[in-house]
Amino acid sequence: MAIKVDIANVSKHYGDADEDDFVQALDGVSIALKDGEFVSFLGPSGCGKSTLLHIVAGFERASRGEVRVNGKPIAGPGADRGVVFQDYALFPWLTVMENVTFGLKLKALPPPECRGIARELIGLVGLTGFEDRFPHQLSGGMRQRCALARSVANDPEVLLMDEPLAAIDALTRNALQEEILKVCGARDGRPGKSVIYVTHSIEEAVFLSDRIAVMTPRPGRILEIIAVPFERPRSDGTRLAPEFTQLAGKIWNTLKSYVRPD
Amino acid sequence: MRRGGPRLAHLVILPIAVIVLWEICARLEIINPIFLPMPSRIFAAAERLLADGELLRNVADSLQRIAFANIVAIGIGVPLGFFMGLYRPFEEIMDGLINLVRPIPPLAWIPLAIVWFGLGEVSVVFITLISAFFAILLNTIAGVRGVDKSLIRAALSLGATRRVLITKVVLPATLPSLFTGFRIALGVSWMSIVAAELIAASSGLGFMINYYRELLRPDLILVGMLSIGIIGFLMDRALQWLERRLLPWRVGLHL
């Protein structure tokens with residue numbers, strides 16, 4: 001299958017090499033995302049996983065190395081890479097419908113078509129009936145559903161999710177993990193989305209991903225890339241399977257020694 | 001802050017209590033009425049000033065000056081604040097001058113304004129304009145600067161160009177700060193316009209207050225002062241109401 005995102009030998013440092021404030025956030029990270037693949041970057045804080053996502057998004061520049069999307073080197077943020085933020089980043093002055101159609105309108109699609117696409121996605125994330133609400137009238141989980149719909153509506157080449165469920169309560173989080181798979185997966189004959197997913201939750205990474213890049217801090221490196229063999233579609237049954245717990249346990253054993261008390 | 005603001009009953013209970021107590025003290029001659037006339041006399045004086053149109057004429061003159069000064073202040077302050085907020089080098093160039101001028105109290109401009117524009121309308125508007133201008137400028141800059149970085153990034157990742165970013169993200173995100181700026185500007189406008197009218201005008205509430213000082217009429221002075229309080233309060237309320245109407249999404253973000 002075609003390579004969608006090629007992250008080649010990416011390093012990122014902050015500050016000058018001979019100064020005290022020098023930080024090597026990423027050191028020679030390489031991984032290639034296939035079309036439609038869901039890859040999680042998993043690791044403790046300080047492992048550079050969010051920095052890596054920011055580099056792919058174009059918010060930050062790599063100190064060394066290169067990121068290509070569909071073979072083209074990235075230059076700044078763009079609509080080909082949709083981002084879902086931990087703090088939702090919904091426009092507070094726009095309603096749910098207006099938020100979801102924000103990117104579609106910029107593509108100069110006719111308004112009825114914008115609303116059609118938006119309505120479909122709003123329905124898919126379970127926000128039908130809330131189209132005219134403002135973000136402050138929604139719960140955290142609903143806000144993230146709206147943000148998810150907004151990113152997917154834009155039909156980007158790749159979705160970048162930066163700990164999207166970190167601020168969501170545990171019960172809602174489980175439900176939202178399934179929503180993410182539903183929205184990003186293949187539907188209506190369209191292939192599934194390529195997703196880069198940043199998280200510090202082992203369980204989340206195992207449930208969602210095709211592959212997990214386990215990262216370690218100081219400097220940020222990929223320690224191991226683990227393939228997740230579970231069938232799709234995944235559901236609560238997946239979580240209860242002994243293989244699920246086994247894999248999560250194995251990853252925890254790998255990571256444990258890198259998680260230091262602060 | 002609660003959405004509807006405090007209840008009317010809570011709002012008026014203390015002023016009414018003060019007035020009643022004051023009246024009682026005055027009637028018992030605990031307070032010398034030459035220094036502080038009793039409320040009933042002030043009301044009577046207010047009635048007289050209202051009846052012959054003097055009060056309304058002065059209020060209208062002051063309001064007109066404030067409106068004019070604020071419209072000009074907004075016209076200059078908002079665009080300038082936007083440019084300063086958006087373009088760092090421009091802000092750095094402007095910063096020195098602005099921070100040098102800003103600490104000068106508007107009242108210190110009065111003598112110079114009189115030298116430049118003479119006694120009259122232009123001087124009063126100029127003084128009011130200076131005080132309103134800085135409130136609007138600084139709040140605009142702060143608003144533009146304070147736009148949530150995530151919103152900018154989200155817009156860029158949804159395909160926003162620089163122009164879209166400014167008109168569809170920075171502008172709406174800055175509106176609450178603009179309103180705060182307008183409210184502060186109106187407040188300081190009253191402070192400086194009264195001072196300017198004391199010296200440089202022949203009408204307006206500031207002039208009226210000073211005029212009755214010369215006639216030794218504390219009751220009429222107090223009518224002028226209370227008018228400013230009431231009008232200032234009502235204008236602030238009107239702006240708050242307008243903000244709730246125009247920015248309904250802000251309801252949840254009130255401090």
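User: Asn9(A): buried or exposed?
Analyst: Asn9(A) counts as exposed, because 12 C-beta neighbours lie inside 10 Å. The cut-off for exposed is 12 or fewer. Keep in mind that this is a predicted model.

User: Where does Asn9(A) lie?
Analyst: In strand S1 of chain A, which covers residues 3–14.

User: What about the phi of Asn9(A)?
Analyst: Phi is positive, about 55°, although Asn9(A) is not a glycine. Most residues other than glycine have a negative phi.

User: And what is the phi of Asn70(A)?
Analyst: Asn70(A) is not a glycine either, and has a positive phi of about 55°. Asn70(A) sits in the loop between strand S4 (64–69) and strand S5 (72–73) of chain A.

User: Why does Asn70(A) count as partly exposed?
Analyst: Because Asn70(A) has 13 C-beta neighbours inside 10 Å. Exposed would need 12 or fewer, and buried 20 or more.

User: Switching to peptide bonds. Which bond is cis at Pro219(A)?
Analyst: The one from Arg218(A) to Pro219(A), with omega near -10°. Pro219(A) is in the loop between S9 and S10 of chain A.

User: And what joins Arg232(A) and Pro233(A)?
Analyst: A cis peptide bond, with omega at about -5°. Pro233(A) is placed in the loop between S10 and helix H7 (236–240) of chain A. For background, most peptide bonds are trans.

User: Now the sheet. What is the strand order in chain A?
Analyst: S6-S7-S8-S3-S9-S10, six strands in an open sheet with mixed pairing. The edges are strand S6 (81–84) and strand S10 (221–227) of chain A, each pairing on one side only. On average, neighbouring strands are turned by 20° against each other, direction ignored.

User: Which helix packs on it?
Analyst: Helix H4 of chain A, residues 140–153. H4(A) touches S6 and strand S7 (158–162) of chain A, and its direction makes about 180° with that of S6(A).

User: How many bridges join S3 and S9 of chain A?
Analyst: Four, and the two strands run parallel. S3(A) spans residues 38–42 and S9(A) residues 211–216. Val39(A) stands opposite Arg211(A) in S9(A).

User: On to chain B. How many helices and strands?
Analyst: Chain B has 10 helices and zero strands. Its C-alpha trace spans about 75 × 50 × 30 Å along the principal axes.

User: What percentage of chain B is buried?
Analyst: 34% of its 255 residues count as buried. Among contacts in chain B with a separation of 6 or more, 72% come from residues 24 or more positions apart.

User: How do H6 and H8 of chain B pack?
Analyst: Helix H6(B), residues 121–145, meets H8(B) at an angle of about 160°, and their axes are 7 Å apart. The pair is therefore roughly antiparallel, since an angle over 145 degrees counts that way. H6(B) passes H8(B) in a right-handed crossing.

User: What residue classes are in that contact?
Analyst: The contact of H6(B) with H8(B) has 17 nonpolar, 12 polar and one charged residues.

User: Last topic. How many residues of each chain are in contact with the other?
Analyst: 16 residues of chain B contact 21 residues of chain A. On the chain B side, helix H7 (149–157) and helix H8 (162–200) each supply at least two residues. H7(B) gives the largest share of that side, six residues.

User: Which classes make up the chain B side?
Analyst: It divides into 11 nonpolar, four polar and one charged.

Note on methods: Residues numbered from 1 in each chain as written. Chains lettered and ligands numbered in written order. Predicted model: local features only at pLDDT ≥ 70, side-chain atom pairs only at ≥ 80, totals over all residues. Contact = placed C-beta atoms within 7 Å. Nonpolar A, V, L, I, M, F, W, Y, C, P; charged D, E, K, R; others polar. Pairing = 2+ DSSP bridges. Axes fitted to C-alpha atoms, helices over the stretch in contact; angles between N-to-C directions. Parallel < 35°, antiparallel > 145°, perpendicular 65-115°, else oblique. Left-handed = near helix turned anticlockwise from the far one by under 90°.
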